[in-house]
Amino acid sequence: MFTFFFYLAPMVAVVLMLMNYLMSNENPYVEKNGPFECGFTSYHQSRSAFNVSFMLMAMLFLPFDLEMSSMLPYVMSAYTNGLYGLMMLIMFLLQLVMAFVYEMNLGALNLTRNYTPMIKPLKHYLYKK
Amino acid sequence: MLNFVELLLMFVSVLLAVAFLTVAERKTLGYMQRRVGPNAVGYYGMLMAMADAAKLLLKEMVMPTHADKLMLIMSPMMSLMSAFLCWSFMPFAPGTTMSDHSYGLMFTLAMSSVGVFGTLLAGWSANSKYSLLGSMRSTAQLISYELMLTTMVLLCMLLTGTMNLSKYVELQESMWMGVPLFPMSMMWFMGCVAECARPPFDNVEAESELVSGHMTEYSSSMFVLFFLSEYTSMLFLSTLTSMLFFGGGTGMMLGMKANMFAFTYMWVRATLPRVRYDKLMHMCWVMFLPLLFGLAMFLPSLMYFMDAMVYTYPTM
């Protein structure tokens, strides 16, 4: 049943596009087909460079996603793992939290333009005397 | 044979729900802004969705000149497919699912992550600056918030110990999971709004900056596919909200809860102004994610502590 649904979902998309292809009229010209711009014809290749902080965000996503997939087995068997499993989970998460604190201090999570990789002094106190 | 009829019935009802959700959104926004909204087609503008679909299917498919044609066609199909396949393990009533599987929620998570590829490839293939910028933004936003949502789903799995969504409904007959996890359900809702790129967090397609985000170069049926996938995932996430945190329910009850959450999306859209993009990412990475790490350590410890207390002090 699931396999049928698995085929059905893209089939709907294909059928919709086919219907449109068969029913629509076509009148293409340069201005219509060019990349969207405001008031002038864009002739450049528009695939320009983008800000590196987006890439950094995607790279930071990876370890946390892996973290999630390594948490999954514990989560599914929490009732049988006992204290050992819990300690392992907490040690694992604590390591990640330490890395995360380092990242936040590095400023890797800021989406600002003037990104300077400079380590700020770590805040290890809760209040100032 | 009857199986196929049932499957088609469920699929068509999902499609119709999505279609009428768009009309409902336009009507709701209309009345919230003191205007009438669509009211000409059908009875009180109810058939507006059909009219829109018919209009969009009759329009020309514009192929941008320098675009990567295959990717351009594939990406809306990918995002629609991922949005539809999310529904495949959703129990509408006991035993009324497209397929009942003990790892259903896992598949749902996987499919909701595939949707990111649709927007990413759409922005890349269209060869337009607005598309590219929009897709970069949307990719960063979607993966960040997906991280959050996945962690929250994992914590729900921790409490229920299962990935079968039907069991969530059974387990929550005594108490909704949103009661002990109330702060988390609020965070979940915010994450859902951001994951769908709905208006307070719709920097992905901010009209004043990026014309329509990754959908700038899309027209007619390819745009319909994106539109459908957006609303399907919105409706899916509101159903999942009611399933995970607010007791789910069967048939009518589930529908009412899901509709309530779907209405909240529109309400939020009509009420709040757009958030700045870096603040949005900041909210995910610096506020929600550390909080969820804390919860991921706290909840298992609490559960272990309570169980251990029962074994150590049987009289307690």
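Predicted model: local features only at pLDDT ≥ 70, side-chain atom pairs only at ≥ 80, totals over all residues.
Biologist: Is Cys192(B) buried or exposed?
Modeller: Cys192(B) is buried, at 0% relative accessibility. Cys284(B) is buried too, with a relative accessible area of 0%.

Biologist: Switching to Asn203(B). Where is it found?
Modeller: Asn203(B) sits in the chain B loop that runs between helix 7 (182-195) and helix 8 (220-244).

Biologist: Loop residue, then. Is Asn203(B) buried or exposed?
Modeller: Buried: its relative accessible area is 3%, and the cut-off for buried is under 20%.

Biologist: What does the side chain of Asn203(B) reach?
Modeller: The backbone oxygen of Val275(B), at 2.8 Å.

Biologist: Which residues is Asn203(B) in contact with, leaving aside neighbours within four places in sequence?
Modeller: Arg274(B), Val275(B), Arg276(B), Tyr277(B) and Leu280(B) are among them. Arg137(B) and Leu210(B) also make contact with Asn203(B).

Biologist: Now helix 8 of chain B. What does it reach from first C-alpha to last?
Modeller: Helix 8 of chain B has 25 residues and spans 36 Å, close to the 36 Å expected at 1.5 Å a residue.

Biologist: How many residues of helix 8 of chain B are buried?
Modeller: 22 of the 25, so helix 8 of chain B is largely enclosed by the rest of the structure.

Biologist: Last topic, domains. How is chain B divided?
Modeller: Into domain 1 (1-58) and domain 2 (68-312). The contact between them takes 16 residues from domain 1 of chain B and 23 residues from domain 2 of chain B.

Biologist: How far apart do the C-alpha centres of domain 1 and domain 2 of chain B lie?
Modeller: 22 Å.

Biologist: What area do domain 1 and domain 2 of chain B bury between them?
Modeller: About 1800 Å², of which 88% is on carbon and sulfur atoms.

Biologist: Which three residues of domain 1 of chain B supply more of its buried area than any other three?
Modeller: Met10(B), Leu21(B) and Glu25(B), which supply 31% of the area that domain 1 of chain B buries against domain 2 of chain B.

Methods
Residues numbered from 1 in each chain as written. Chains lettered and ligands numbered in written order. Heavy atoms only, no water. Helix = DSSP H or I, 4+ residues; strand = E, 2+ residues; numbered from the N terminus. Buried < 20%, exposed > 50% of the residue type's maximum accessible area, 1.4 Å probe, protein only. Polar contact = N/O pair within 3.5 Å; in protein donor to acceptor, adjacent residues only side chain to side chain. Contact = heavy atoms within 4.5 Å. Expected span 1.5 Å × (residues − 1). Domains from an automatic or database assignment. Buried area = accessible area lost by both parts, 1.4 Å probe.
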